[in-house]
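Subject: Handing over the structure

Hello,

Here is the structure I promised to pass on to you. Have a look at it first, and then read on for what turned up.

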Amino acid sequence: MEAPGFLSLVPTLIVFALALWTRRPIESLVAGAIVGVILVHGGGFIGGFADASLRVMTDEDVAWVILVCGFMGSLIGLLIRTGATGAFTEILAARVRSERGALLATWGLGIVMFVDDYLNSLGVGAAMRDLTDKYKVSREKLAYVVDSTAAPISVIIPFSTWGAFFAGLLVANGVAPEGEGLDVYISAIPYMLYAWVAVLLVPIVISGAIPALGPMKAAERRAKETGVTVPPEALHIEQANRAITPKAGVQPRVAMFVLPMLALVFFTLWFDKDFLKGIYVTLAGTVAIILVTRMLDVNDTFDTVIDGFKTMIEPLGVLVAAFILNDVNTQLQLSDYVVQTMQPLITAELLPAIIFSTMGLVSFMTGSNWGVFVIILPIVTTLANNLDADMALVIGATLSASTFGSHACFYSDATVLTAQATGCTPMQHALTQIPYALIAALISVLGFLGLAYLG
């Protein structure tokens with residue numbers, strides 16, 4: 001099709017407008033995708049939407065997300081049912097004496113869970129809900145702390161699923177020689193400014209040096225004054241999270257929480273940073289231990305596996321709708337339009353800041369972080385070579401843009417899963433987090449400008 005130009009922005013703008021009005025992400029995403037399909041196919045939009053849906057549902061990456069998220073729900077369900085999650089929370093509670101301590105413990109645990117942002121969002125969120133509730137911390141603030149150590153940590157610690165994926169792309173695009181993708185990736189880590197700022201901003205926010213802003217201030221006031229930590233609009237999410245309860249008579253063991261989490265990190269790294277293989281082995285091992293020790297009987301064990309998978313249905317619905325929108329945006333050539341619009345403004349010194357700003361906007365609008373990197377990397381490397389720009393700085397800016405999209409967009413995978421795990425809606429999480437994401441983004445832009453002009 002002929003490039004639609006400015007019209008390529010329309011579906012995503014409709015998504016944001018409807019989401020702000022209705023606070024319902026799935027319906028907003030589907031509406032935006034339908035408008036995009038109409039722009040592409042005209043009167044044949046029904047067939048076009050059906051084709052896009054099938055293309056998404058048969059995509060290997062989408063299947064990977066569904067399986068990983070679903071079985072992470074199953075694993076967390078087993079840890080809750082055996083009392084392991086509660087035992088871990090009690091151990092932390094015995095050492096935490098304040099709200100600040102609870103939030104710093106959440107931040108620290110998120111850093112430890114560096115191997116994958118899904119593990120971070122789901123595991124840390126589930127583990128810390130009860131402890132932060134004790135100190136009347138709003139679930140929105142808990143979600144902010146958890147999300148800020150999800151994608152940002154997985155980016156700046158290279159031995160993660162993010163590191164493996166992006167190192168492979170650097171080789172595939174000729175940026176790094178064969179076998180040296182990870183080395184080139186590591187050389188760019190100091191320049192992944194958004195990830196660094198987002199992580200380091202958390203303890204500053206926890207300390208109160210940066211106060212609660214905008215919607216976060218209202219959420220914190222609700223929690224402190226009324227004790228209602230779960231936002232009323234998210235009660236259905238909290239009910240889903242509480243649908244699985246510890247079984248009476250089972251002796252809680254903190255090792256049953258710690259060992260599966262360590263095993264998940266170990267096996268993910270063992271299988272060349274393949275988180276799906278890691279979750280399969282960890283879930284199978286956890287089931288085996290539960291059955292051998294008779295913590296749960298066979299029926300209870302596998303019912304819990306299924307019930308845990310069910311808790312992830314709503315966030316998976318949001319993610320699938322976001323993938324459909326991303327497929328439509330690809331047909332509309334949204335990324336190409338943004339790049340072409342900004343290209344006349346680019347100089348060697350401005351390139352990193354412009355890459356971060358424009359690609360961060362595209363990643364934010366599409367909810368796609370890895371996908372945007374795949375599309376944009378060849379264009380970015382060509383521009384960097386033509387302008388003789390610092391390639392490590394350019395790679396850092398591009399990865400910072402992907403991280404911003406993952407961190408800030410209300411329908412990105414990390415945002416949706418963090419919201420589910422912490423007990424708030426994706427819109428509530430995104431709206432309360434966005435002021436801090438924008439602060440980190442502004443600091444990053446200034447940092448890229450400073451490094452380019454002064455470096």
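Let me begin with charge: the protein chain carries 23 positive and 34 negative side chains. The centres of these two sets are 16 Å apart. Please keep in mind throughout that this is a predicted model.

**The overall picture**

The protein chain is built with 24 helices and zero strands. Along its principal axes, the C-alpha atoms fill a box of roughly 70 × 55 × 50 Å. How does the radius of gyration sit beside that of a compact globule? For 455 residues, such a globule would come out near 23 Å, and the 22 Å of the protein chain agrees with this.

Of the 455 residues, 55% are buried. Among contacts in the protein chain with a separation of 6 or more, 80% are between residues 24 or more positions apart.

**The cysteines**

How many disulfides does the structure hold? The count is zero. Cys69, for one, is in no disulfide, and the nearest cysteine sulfur to it belongs to Cys409, 15 Å away. For Cys409, the closest cysteine sulfur is that of Cys424; the two are 15 Å apart, which is too far for a bond, because a disulfide needs the sulfur atoms within 2.5 Å. Is Cys69 buried or exposed? Cys69 has a relative accessibility of 0%, so it counts as buried. Cys409 is buried as well, with a relative accessible area of 0%.

You will find Thr282 in helix H16, which covers residues 275-292. Its relative accessible area is 3%, so Thr282 is buried. Leaving aside residues up to four places away in sequence, Thr282 touches Leu75, Pro260, Ala263, Leu264 and Phe267. Of those partners, Pro260, Ala263, Leu264 and Phe267 fall within helix H15, residues 255-270.

His407 is the other one to look at, and its place is in helix H22 (residues 391-408). With 2% relative accessibility, His407 counts as buried. Which residues does His407 touch, not counting those up to four places away in sequence? They are Asp147, Ser148, Tyr194, Ala198, Thr415, Gln433 and Ala437.

**Two loop residues with a positive phi**

Lys273 is not a glycine, yet its phi is positive, at about 60°. Lys273 sits in the loop between H15 and H16, and at a relative accessible area of 19% it is buried.

The place of Arg294 is the loop between H16 and helix H17 (298-310). Is Arg294 buried or exposed? Arg294 counts as exposed, at 74% relative accessibility.

- Asp59 and Phe323 are 264 residues apart in sequence, and their C-alpha atoms are 9.8 Å apart in space. Asp59 is in the loop between helix H3 (45-57) and helix H4 (60-81), and is partly exposed at 31% relative accessibility.
- Ala255 and Val287 are separated by 32 residues in sequence and by 14 Å in space, C-alpha to C-alpha. Ala255 belongs to helix H15 and is partly exposed, with a relative accessible area of 38%.
- Asn386 and Ile156 lie 230 residues apart along the chain, with 27 Å between their C-alpha atoms. Asn386 is part of helix H21 (residues 370-387) and is exposed, with a relative accessible area of 62%.

Do write back with any questions.

Best wishes

Conventions. Residues numbered from 1 in each chain as written. Heavy atoms only, no water. Helix = DSSP H or I, 4+ residues; strand = E, 2+ residues; numbered from the N terminus. Rg over C-alpha atoms; globule rule 2.2 N^0.38 Å. Buried < 20%, exposed > 50% of the residue type's maximum accessible area, 1.4 Å probe, protein only. Contact = heavy atoms within 4.5 Å. Lys, Arg positive; Asp, Glu negative; His and termini not counted. Charge placed at Lys NZ, Arg CZ, Asp CG, Glu CD.
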